[in-house]
Amino acid sequence: MLEVTNLVKDFGGVRAVDKLSFTVEENELLGIIGPNGSGKTTTINLISGSLKPTEGQIIFRGKRIDRLPSYEIARRGIGRTFQVTQVFLRMSVMENMMVPALSIPKSDGGSEADHKMRALEILGFLKIDHLRNEYARNLSGGQQKLLELGRILMLDPDVIMLDEPFAGVHPELKMEIHEYIREMHKEGRTFIIISHDLQSIFGLSKRLLVLSEGVKICDGTPEEIKDDERVVEAYLGE
Amino acid sequence: MELFVAQALNGLIIGLLYALIAIGLSLIFSVLKIVNFAHGECYMMGAFVSYYFSTLFGINPMLSVFLSMLVVFLLGVVIQYLFLRPLYTGAVERKDEYAILITFGLGVFLQNVAMSVFGPWTKKSPDFISGITRIGFMTVDNNRLAVSGVALLIMVALLVIIGKTFVGKALRAVSQDRDASAIVGINPHRMNILAFGIGVALAGGAGGLIGPIFLISPVMGILPGIKSFVIIVLGGMGSIKGAIIGSLLLGEIESLGSVFFLDPTRGLAYKNAFGVLLLAIVLLLKPTGLFGEKHVRME
Amino acid sequence: MRRYLLTVIVAVMVGVAIPLLLRAYWLHVAIMALFYALLASSWTMLAGFAGQFSFATMALAGIGSYTSALLAIKFHLPMWLGIISGALMAALVGLLIAVLVLRMSGPYLALFTIAFSELVRITLNAEYQFTRGDMGLTVPHLYATISKVPYYFTILILLACSLLIMGLLLRSRYGLFFRAIREHEEAASAMGVNIVRYKIMAFVISSFFAGLAGGFFAHYVGTLTPNSIMEIPRMGLVIAMSVIGGIESLAGAVAGAILVEFLQEYLRELEMWRFVIFGLALVLILRFSQNGLLYPIYQRLAAKRVEALSESAA
């Protein structure tokens, strides 16, 4: 479904991503792990269109997407969250949800009222519907993370890329988010998740990609990863 | 030919003064990460303070320039503390917007204060050294010589301070990595104050130096302010070397460019357009300029 | 909704009554206030809503002025047509600017638009064969009468229509997209918002209204010089009006413009000091009440509305 081939990204003299290649199948839940600065977020940025690759290609459902602007890629069905939560602070929770709903003309139409209903459903699912008229900046960090998830769901993408969904979140919320992801995955969506929280990610995904200094050093099941020498070295070496 | 050389020399002198202004702006950008939209007005204030020191108090014109630099430095410290500090203490929501609007607003405020207090009319500062000197086939008036000399002196002094002293190293540290500097014991807030103060003082010095050569007025800062933006974008935001080269380039382009117009009034009228056109083009093609770093967003 | 309509009706009634209350000089001030209100609100839409802090508004107004004036003088175009053409010309230039600044943000965009404005001003000054530059271009008046009343109603209607259009736009999904772009452009794009299209839209519409204001200005004042309308400090005045009234609402821009314009005439004896006061007000408000003077009032009104809603829901 998603093919990344020989992806390279240079920033001035620094090569953040070095000839990275991997594929993601439909309904997979791929985890990406690696020490700091290994190029994980850059990879997501390249796929989502926030950054343009120096070399290489990215193919989604048979079509190249690596030179497209990020809003076009979002339209085609790839959504992402950000490492530092990027909700629209001075807009209400409801307005935050309506932006992705209205930005993309949906094939099944749907009036604004329909979108609002759907937004309320999703907010209810995430247990933050009581906050719907609250300004996003008044939400706690954890609530903002949930809002980000909600926004992505409004976008209704086939592929969801989460950048550190568990970071800075207290254990209770972490479990909730864990469950939400699992449920969304069951619905048939494809996931790519970056996480430093090895415990959580091992529990969620059956396949992990390990990056170190922009290079893929391992691609396999959690068990294979744990035993791999290079992985241990990469983590200990930092 | 003579005209050409005379203009080229003129360009050099103007370039040196632009350099002082631009280095100041560049310093502010590299440490505080903001563009000081009031920079032209700080240049103007320096000119007026120097003027008043030398006419009202009869102080030696060159000394007045240095005194005015001190005054503008203090003004900068006050401005930094009152209005810019919140950017770094997390009190401001939209940092980029705030920085633009508040420095712009301060610039307009200073201009209007100058209009009210000093009057809108142009004035002329007393000469540094009167008379002229002959160099080969050319005559240069002594004021310009003095100005070039002092400007060079100040620039060299600044480069030495930044390069060799502890303070200079601290400034460079903060410009590269705020948090890391804080960890090793450098107070970034103090460095902010210092950088802003020195930055505007340099502009003020340029203003003081230009007093005897051209007329001063409350609106004299607008164009040089814009040109200093041109220069730092051209040379690269945050690069002092780039600021110097860019300034000399601009000085020459302006002086020589107007020579090529057939209609002298038009040539003169368009003189100021070169820099602005250059700014627009550079922003379009290579926003990081010739030598600079990428613009670091404040949040 | 009902409250909104009520405020609009009251505003209209006040607006219509003004010529009865004010005579020549103060009517002129009112006209200028509405002129600035049009400019300030167009800037608010571009900056306060869409986050594009452009300094080109006055230059675009000037383009509207000169286009309309020159069309009337050289080609004897009917002035109404001229004003619309001026607005369209400004919109076209706005389109150009928008495309050029697509990749710029923050200070870069500010610098570019300042540079652009200066370029326009310098060119208009330099090409004095066409524009009479600093000597002043004499522009035919819109109305044959010396009474200011028809001018007042003209600008009132222009302002009202503009506010209606901008208001509807900002309340619609497009307003939502604008605000998302201002909040966080990258996240907006990740949410599917076509930032290219909407940034251009914001510029073009804002420029159109700026040009419209400029066109009116030309045929009202009757003399045009590049420095009278396009200098950067005047842009600063418009920004001050918008900030003082509240940068995030059209009503704020209008209120700010009216307040500042009337105050500055009222304080005319203070001469230059009144601009000092405005400069100070701008800076202090930015520093201590970032959302303008009127924001606390909005907040209280909004809080009351939420209270009323939750009470009726209970």
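Residues are numbered from 1 along each chain as its sequence is written, and chains are lettered from A and ligands numbered from 1 in the order in which they are written. Because the model is predicted, local features need pLDDT of at least 70 and side-chain atom pairs count only at pLDDT 80 or more, while totals for chains, interfaces and linings use all residues.

## Contacts between chains

Two residues are in contact if their C-beta atoms, placed from the backbone, lie within 7 Å. Two pairs of chains are in contact, and chains B and C share the most contacts. Chain A and chain B do not touch, their nearest C-alpha atoms being 10 Å apart.

Between chains B and C, 36 residues of chain B are in contact with 32 residues of chain C. The elements of chain B that give two or more residues to this side are α4 (95-118), α9 (222-235) and α11 (264-285). Helices (H or I, at least four residues) and strands (E, at least two) are DSSP runs, numbered from the N terminus. The largest share of the side of chain B that touches chain C comes from α4(B), with 16 residues. By class, the side of chain B that touches chain C has 26 nonpolar, six polar and four charged residues. Here Ala, Val, Leu, Ile, Met, Phe, Trp, Tyr, Cys and Pro count as nonpolar, Asp, Glu, Lys and Arg as charged, and the others, Gly among them, as polar.

Between chains A and C, 23 residues of chain A are in contact with 18 residues of chain C. On the side of chain A that touches chain C, α2 (70-76), α3 (93-103) and α5 of chain A each supply at least two residues.

## Helix packing in chain C

Two packed helices are described by the angle between their axes and the distance between the axes. Axes are lines fitted to C-alpha atoms, for helices over the stretch in contact, and angles run from 0 to 180 degrees between N-to-C directions. Helix α2 (residues 24-49) of chain C packs against α7 (residues 149-171) of chain C and against α10 (residues 195-221) of chain C.

| Helix pair | Angle | Axis distance |
|---|---|---|
| α2(C) and α7(C) | about 15° | 9 Å |
| α2(C) and α10(C) | about 165° | 8 Å |

Angles under 35 degrees count as roughly parallel, over 145 as roughly antiparallel, 65 to 115 as roughly perpendicular and the rest as oblique. α2(C) and α7(C) are therefore roughly parallel, and α2(C) is roughly antiparallel to α10(C). A crossing is left-handed if the near helix is turned anticlockwise from the far one by less than a right angle, and right-handed if clockwise. The crossing of α2(C) and α7(C) is left-handed, and the crossing of α2(C) and α10(C) is left-handed.

In the contact of α2(C) with α7(C), the residues from α2(C) include L27(C), A30(C), L34(C) and F49(C), and those from α7(C) include Y151(C), I155(C), L159(C) and L170(C). This contact has 18 nonpolar, two polar and no charged residues. Towards α10(C), α2(C) supplies residues including L39(C), S42(C), W43(C) and L46(C), and among those they meet are F203(C), F209(C), F216(C) and Y220(C). The contact of α2(C) with α10(C) has 15 nonpolar, two polar and no charged residues.

The expected span of a helix is 1.5 Å times one less than its number of residues. For the 15 residues of helix α5 (residues 141-155) of chain A this gives 21 Å, and the end C-alpha atoms are 21 Å apart, which agrees. Of the 15 residues of α5(A), 13 are buried. A residue is buried if 20 or more other C-beta atoms lie within 10 Å of its own, exposed if 12 or fewer, and partly exposed in between; C-beta atoms are placed from the backbone.

Most residues other than glycine have a negative phi. Just after α5(A), D156(A) takes a positive phi of about 55°. N27(A) has a positive phi near 65° and sits in the loop between β2 (14-24) and β3 (29-33) of chain A. N27(A) is partly exposed, because 14 other C-beta atoms lie within 10 Å. E164(A) has a positive phi near 55° and is found in the loop between β7 (159-163) and α6 (171-186) of chain A. E164(A) counts as buried, because it has 20 C-beta neighbours inside 10 Å.
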